[in-house]
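Hi,

Here is the model I promised to pass on. Have a look, and my notes follow below.

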Amino acid sequence: NPQVHIEYMKQALDLARKSPPKPTNYRVGALLVDSKTDTILATGYTLECEGNTHAEQSCLIKLSKEHNLPEENLVEILPDSTVLYTTVEPCFKRLSGNLPCVERILRLGNAIKTVYVGVIEPEKFVGQNTGRKQLEEAGIKVVLVRGMEDEILLVATAGHIS
Ligand SMILES: Nc1nc(=O)c(N)c(NC[C@H](O)[C@H](O)[C@H](O)COP(=O)(O)O)[nH]1
Ligand SMILES: [Zn+2]
């Protein structure tokens, strides 16, 4: 039922609020969830893990540490009912040049079935985000969870000079 998506997106937004504000990125929160058992597999927020890390990336880094597996091998431990919730859609390009999260998701094969996003990425840093199409072409569903756009963007851009 759609309410469960709002509940998880609210949790993701609470995580985003933990991210230290920065003018060059967005404050994002993400959760990896086993949708069959309704279990949270990992949580993450922007800059949580050391280095210039994204929320989705932090989820994967933490899982790879927990299972002592390289990030690209996490398909071995992810249930096939794994879904990702992220307040801002996964990046397809990063001004820092770091590996975009769409690539990180794609290299996990079909482990992640659906990506629930709170907002489409604004065009400020990298123009139009074409990541959704890449995910859909790989058979991964991308679902916009509506209703929280304003508060998600307010949190995401808190570090920007208004
Ligand atoms: N989905 C998502 N999760 C994040 O945790 C985050 N920070 C962004 N932000 C997207 C934005 O496009 C990039 O932050 C800029 O392109 C700068 O790139 P870096 O973050 O410095 O690698 N997007
Ligand atoms: Zn990213």
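Which polar backbone atom is 3.0 Å from an oxygen atom of ligand 1? That one belongs to L95. I call such a pair a polar contact when two N or O atoms lie within 3.5 Å; within protein, one must be able to donate a hydrogen and the other to accept it, and residues adjacent in sequence count only if both atoms are side-chain atoms.

Before the rest, some housekeeping. This is a predicted model, where local features need pLDDT of at least 70, side-chain atom pairs count only at pLDDT 80 or more, and totals for chains, interfaces and linings use all residues. Residues are numbered from 1 along each chain as its sequence is written, chains are lettered from A and ligands numbered from 1 in the order in which they are written, and side-chain values use heavy atoms, with hydrogens and water left out.

**The ligand**

Back to ligand 1: an oxygen atom of it lies 2.5 Å from an N or O atom in the side chain of S96, and a nitrogen atom of it is 3.3 Å from a polar backbone atom of V88. Of the 490 Å² of accessible area that ligand 1 has on its own, the protein covers 98% (Shrake-Rupley method, 1.4 Å probe; for residues, only the protein chains shown count as cover). Around ligand 1 there are 19 residues, and the closest are T46, H54, R94, S96 and E121 (a heavy atom within 4 Å).

**The aromatic rings**

There are three aromatic pairs; rings of Phe, Tyr and Trp (its six-membered ring) pair if their centres lie within 6.5 Å, and planes under 30 degrees apart count as stacked, over 60 as edge-to-face and the rest as tilted.

Y26 and F125 are edge-to-face, at 5.0 Å centre to centre and 65 degrees between the planes. Y26 is in the loop between α1 (2-16) and β1 (29-34) and F125 in the loop between β4 (112-119) and α4 (131-137), so this pair ties together parts 99 residues apart in sequence (helices, H or I, at least four residues, and strands, E, at least two, are DSSP runs numbered from the N terminus). Y26 is buried at 8% relative accessibility, and F125 is buried too, at 18% (buried is under 20% relative accessible area, exposed over 50%, partly exposed in between; 1.4 Å probe, protein chains only).

Y85 and Y116 are stacked, 4.6 Å centre to centre with 15 degrees between the planes. Since Y85 lies in strand β3 (residues 82-88) and Y116 in strand β4, the pair ties together parts 31 residues apart in sequence. Y85 is buried at 3%, as is Y116 at 12%. Ring pairs also link Y8, Y85 and Y116 into a cluster.

Cheers
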